[in-house]
Amino acid sequence: MKFLVIIYRYIKISLHYFRREKEKLKQSFFLFSIFLFISSAIWVINALRKDYITTIGFPVKYINVSKERLAVGEMPEFIFMLVKSSGYTILQYKIKPPSNPVNIDLNQVALGKINDKNPRYFLQTNLLSGSIESQLPNDVKVLDITPDTIFFQFDKVYKKKVPVVPAVKIEFRKQYSFMDISRVKPDSIWIYGPKYVIDTIHYIKTESITFKNVTKSVEKRLALQKQYYLSYSASHVLLNIPVEKFTEAKLSVPIEIRNLPDSLTMKMIPNYVLLTCQVGLSNYDKIKPYYFKASVDYKSIKATFSRKLKVSVDVFPRMISGLKIQPQKVDYIIKKKF
């Protein structure tokens with residue numbers, strides 16, 4: 001029994017010793033971490049104060065191109081510069097690459113011409129170092145630029161007025177439709193570019209867009225689809241889609257006869273058709289029979305040898321939709337005049 005008491009006391013003393021040493025170790029490690037962090041921070045600060053050399057890509061924007069000529073062909077959208085700067089600035093560029101373009105002013109640089117027969121020009125980028133440096137932070141020095149030469153090809157600018165076509169898909173909710181035709185403002189624009197491109201363009205489309213479950217008029221500013229080598233007099237148009245609830249309209253319209261010889265008379269059985277269409281509530285009272293023209297063609301008798309003639313509606317208001325004809329074909333009686 002005495003032996004067990006001794007063992008117990010020994011274990012208790014040992015555990016107390018280990019706990020005390022563990023606390024000391026924790027404190028030592030905490031102090032070590034603090035000093036390590038401080039020393040590392042000092043080292044990083046000192047390192048970032050030094051100058052470094054690295055390559056960084058910058059987007060490019062070409063400005064002040066003559067209005068009478070247009071740059072065509074592929075020109076680099078990025079240039080890569082070997083720069084010398086402080087670690088602070090280099091680190092910023094590495095974390096967040098440049099998004100603002102450096103401007104190349106074509107009015108302020110000397111363009112070389114390959115020869116009199118070749119319309120291509122060239123620009124040696126080492127001549128841009130000073131201009132580009134002035135657009136960068138003060139501590140950035142440009143050592144080299146890639147590519148070393150940028151090539152340009154110019155063509156005379158032509159202009160042409162073309163309509164704007166909305167690239168729009170509309171899905172109406174049940175019992176809703178157009179109050180009137182859709183319009184864009186402006187409905188036409190001037191386009192500028194080389195003649196070989198201008199001659200192939202007959203209209204400019206807006207950006208593609210779909211409107212779903214439409215129940216009210218839509219007004220939306222839309223961008224125009226870009227075309228290579230072309231510039232526009234406007235970059236956006238305003239789309240207007242008049243929408244309203246519609247109802248069904250029915251009306252009787254007399255049948256007219258086309259191409260009937262003067263020597264004949266012709267009677268339709270029946271001599272009128274029943275037209276059914278969808279129309280907006282605001283235009284319902286405007287739908288009158290005299291706005292419609294239904295007819296048959298005498299010449300179709302000889303062409304088809306049919307005992308019935310097909311009725312077509314040649315004139316109708318643009319405000320309607322879903323036009324249906326009843327009957328679609330009619331009987332006829334032909335007599336000679338006395």
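Ile 53 lies in strand E1, which spans residues 51-63; helices (H or I, at least four residues) and strands (E, at least two) are DSSP runs, numbered from the N terminus. The model is a predicted one, in which local features need pLDDT of at least 70 and side-chain atom pairs count only at pLDDT 80 or more, while totals for chains, interfaces and linings use all residues. Residues are numbered from 1 along each chain as its sequence is written, and side-chain values use heavy atoms, with hydrogens and water left out.

Ile 53 has a relative accessible area of 53% and is therefore classed as exposed. In this scheme buried means under 20% relative accessible area, exposed over 50%, and partly exposed in between (1.4 Å probe, protein chains only). Together with Leu 82 and Leu 143, Ile 53 makes a nonpolar surface patch of about 240 Å². Patches are made of residues with over 30% relative accessible area and no salt bridge, like charges being joined within 9 Å and nonpolar side chains (Val, Leu, Ile, Met, Phe, Trp, Tyr) within 5 Å. The accessible areas come from the Shrake-Rupley method with a 1.4 Å probe, and for residues only the protein chains shown count as cover.

Strand pairing was examined for E9, residues 158-165, where two strands pair if DSSP finds at least two bridges between them. E9 runs antiparallel to strand E13 (residues 188-193), and 6 bridges join these strands. Within E13, Tyr 192 stands opposite Lys 159. E9 also pairs with strand E14 (residues 204-205), here in the parallel sense and over 2 bridges. The bridge partner of Val 165 in E14 is Lys 205.

Rolling a probe the size of a water molecule over the atoms shows where empty space is left. The second largest pocket holds about 220 Å³ of space. Its lining consists of 13 residues, of which Phe 58, Tyr 93, Pro 98, Leu 136 and Pro 137 are the closest to its centre. Helix H2 (residues 87-95) gives the most to this lining, with 3 residues. The search used a 1 Å grid over the protein atoms alone: a cavity is a set of points where a 1.4 Å probe fits but cannot get out, a pocket is an open set with protein on both sides within 12 Å along at least five of seven lines, and lining residues have an atom within 4 Å of a point. Grid points are joined across faces, edges and corners, and a volume is the space filled by probe spheres set on the points.

Most residues other than glycine have a negative phi, and most peptide bonds are trans. The peptide bond from Lys 185 to Pro 186 is cis, with omega near 0°. Pro 186 belongs to the loop between strand E12 (183-185) and E13. The bond from Ile 269 to Pro 270 is likewise cis, with omega near -5°, and Pro 270 is placed in the loop between strand E20 (264-269) and strand E21 (272-280).

A positive phi, near 75°, is found for Gln 175, a residue other than glycine. Gln 175 is in the loop between strand E10 (168-172) and strand E11 (176-178), and its relative accessible area of 42% makes Gln 175 partly exposed. Asn 259 also has a positive phi, near 60°. This residue is in the loop between strand E19 (243-258) and E20, and Asn 259 is partly exposed at 42% relative accessible area.

Side chains of opposite charge can pair when their charged atoms come close. The whole structure contains 6 salt bridges, each defined as a side-chain nitrogen of Lys or Arg within 4 Å of a carboxyl oxygen of Asp or Glu. Glu 171 forms one with Lys 169, the closest N and O atoms being 3.8 Å apart. Glu 171 is partly exposed at 31% relative accessibility, and Lys 169 is partly exposed at 49%.

A salt bridge also joins the side chains of Glu 256 and Lys 293 (3.9 Å, N to O). This pair links distant parts of the chain, with Glu 256 in strand E19 and Lys 293 in strand E22 (residues 293-297), 37 residues apart. In the salt bridge between Lys 308 and Asp 331, the closest N and O atoms are 2.9 Å apart. Here too distant parts of the chain are linked: Lys 308 is in strand E23 (residues 308-310) and Asp 331 in strand E26 (residues 329-336), 23 residues apart. Arg 258, Asp 297 and Asp 314 are linked in a network of salt bridges.
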